[in-house]
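Reader: Could you show me the model, so that we can go through how the chain is arranged?

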Amino acid sequence: MIDGMWWLVILFTVIAALWLLAKSRGAKTDTGRSGKQSNQLPSNDALQKTSVLFKQFFPDYQVTRKAKHLLICKHNKKVAMITIDKKIAEGKRRLGEVPVINYHRVPSRAQLATHLQEAE
């Protein structure tokens, strides 16, 4: 039969081996990344195109780009939040006082004008 002292030695050996394995695997995944940071925004996606539309056709609105939405302000007052997500139903809903408008693809100028008029 194994004494209590040997059980402690085996337990500490297993813990040390698992810790070293976890530490070595963690170092590999950190250095093996492709270099593209997760906080970088793609330059040619649908939100970027919508932001350009706003700057061209609605210069009196301020557009703030976030990771998954555009925040539309006029005179420092939040007017709307625009998302482009195919998983969510297309349409409008409210988040507090601000309407959240979801599109499945880049909206047209007429769609933006209509929704902004309704939002104000």
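Author: What follows is a short talk about the sheet and the helices beside it. The model is predicted, so local features need pLDDT of at least 70 and side-chain atom pairs 80 or more, while totals for chains, interfaces and linings use all residues. Residues are numbered from 1 along each chain as its sequence is written, and side-chain values use heavy atoms, leaving out hydrogens and water.

Reader: What's the strand order in the sheet?

Author: The sheet is open, its five strands follow the order β1-β2-β3-β5-β4, and the pairing is mixed. Strands are DSSP E runs of at least two residues, numbered from the N terminus, and a pair needs at least two bridges.

Reader: Which strands stand at the edges?

Author: Those are β1 (62–65) and β4 (91–95); each has a single partner strand, so one side of each has no neighbour in the sheet. From one strand to the next, the twist averages 25°, with axes fitted to C-alpha atoms and angles running from 0 to 180 degrees between N-to-C directions.

Reader: How many bridges join β2 to β3?

Author: Five bridges join β2 (residues 70–74) to β3 (residues 77–84), and the two strands run antiparallel. Lys74 has Lys77, in β3, as its bridge partner.

Reader: And the helices, where does α3 pack?

Author: Helix α3 (residues 109–119) packs on the sheet, where it touches β2, β3, β4 and β5 (98–103), and its direction makes about 160° with that of β5. Contact here means heavy atoms within 4.5 Å, and a helix is an H or I run of at least four residues.

Reader: Which strands does α2 lie across?

Author: Helix α2 (residues 46–57) lies across β1, β2 and β3, and runs at about 140° to β3.
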